[in-house]
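Hello,

Here is the structure I said I would pass on. My notes on its salt bridges follow below.

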Amino acid sequence: GKAEIQSGYVFEGNTIEITVTASTEEGTITGIEAPEGATIKADTSTTKKVYTVSKNGKYIFKITGNNGKTRDVTAKVENILSIPQIKISEIKEDSFKINVENDYPNGAITEYKYFVGGTVKQQGKTDKTYTVTGLTAETEYSNIKVAAYIDTNTSKESNVEKVTTEMKDAIPYSWDEIAEIAKAISDNNTITDDSETATVTIKGEQKTLKVGQMKKLDGKKVRLLGFNHDELTDSEKTTAYDSATETGKAGISFEYVDFLTSASMNSSNTNLGGWKNTELRETLNGATYSSLITKYNIKKVKKDYIPTYNVASIQQTEDYLWLLSCGEIWDNGYNGGATRGYAITTEGKQYKYYKINLKSTSYSNSNSITKKASVNNSIWWWLRSPHCYNSYGFCAVHSDGTCSTGYARGSVGIAPGFSI
């Protein structure tokens, strides 16, 4: 006997025919017994039957004769194709790649059509990958799918995916990788707070970061401000990276671009004691954000602050999350010299990001560099510097990007800095 399998390919959900023909050299054929999964379609005669199957596999048909003998006839079905499955990879600010995951037999697929948002992006080819280009950063693209054809009129569509392109200047590493890079940067004294890029070797692989690059942290956009800028606290110098590093500084410093929250500095209009005594500082470094601090390997660093608004003297706090100061943004102030913005003296030095982009733009000049959360959707955000002319307010960045002041109990955007 013999079993003939229907030629060509079909997709899952369809069936393949198997025609079983029995013969014998002695005796008479009395029947054909079908295995599980084979359904009779045409009972032509005792010696010939047509079955259908819906899955690939080995089907053994038993032919019986009147002499009590049996014989097995095997049909190995391999031409039922799985539904096409796609995955999206290599997501960038202006492109992403669509990948067909199925391992189809050579020649089974005659064409793949790639769709994005209902528009055919590529057709007439059998390439199992296609890179969609010319896209807009931070934009969602939906209804991504592939139709696989086995002939001109027969096709099957894949699963449907959607993807959001990366932000512009995105950091290409995970937060765990960033933590490793930060440790290597901290242990490299040739990388300074004036470096625009930092390249280190991690497990034999070179990794590079650049000031101004951005990444999402729990859904919020943050920006790389500089390298080896913030000094680790004395207790963290030997523990933050498991052991002491060459610089004793946190390798990478960031700032929030999207607001972490909106809040007041204090519940009353006072700047007494400066940043150290604010209720906001206690909140940022307390239980509310403790899990974020632990999850992302945030380090405790020393931050300069002005205790008395009209006295040009600084002290230091030890913080995980902190507000930027006037001096970390601008290199100039209301009275020249060491004044910065409307702060009586500088608290820290200008971060490399602002040194590159803001340069020496006056604190009183409108600009797009200091606007948050975006140039087109800018609102006020707090700084940690007390305003030099009064005891009731702190400096803040105005919606036009200039240095301004706000009552301490006023609620505006909170865009903390932190170090990894």
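Lys303 is buried, with a relative accessible area of 1%. Asp230 also counts as buried, at 3% relative accessibility. Please keep in mind that this is a predicted model. The side chains of Lys303 and Asp230 form a salt bridge, with an N to O distance of 2.6 Å. This pair links distant parts of the chain: Lys303 sits in strand S24 (residues 301-305), while Asp230 lies in the loop between strand S21 (220-227) and strand S22 (252-256). The two are 73 residues apart.

A second pair is Asp319 and Arg281, whose side chains meet in a salt bridge at 2.7 Å, N to O.

Lys41 belongs to strand S5 (residues 39-45) and Glu17 to strand S3 (residues 16-21); the pair is 24 residues apart and links distant parts of the chain. Lys41 is exposed, with a relative accessible area of 53%, because the cut-off for exposed is over 50%. Glu17 is partly exposed, at 26%.

For the overall count, a search of the whole structure finds 25 salt bridges.

Regards

Terms used. Residues are numbered from 1 along each chain as its sequence is written. This is a predicted model: local features need pLDDT of at least 70, side-chain atom pairs count only at pLDDT 80 or more; totals for chains, interfaces and linings use all residues. Side-chain values use heavy atoms; hydrogens and water are left out. A salt bridge is a side-chain nitrogen of Lys or Arg within 4 Å of a carboxyl oxygen of Asp or Glu. Helices (H or I, at least four residues) and strands (E, at least two) are DSSP runs, numbered from the N terminus. Buried means under 20% relative accessible area, exposed over 50%, partly exposed in between (1.4 Å probe, protein chains only).
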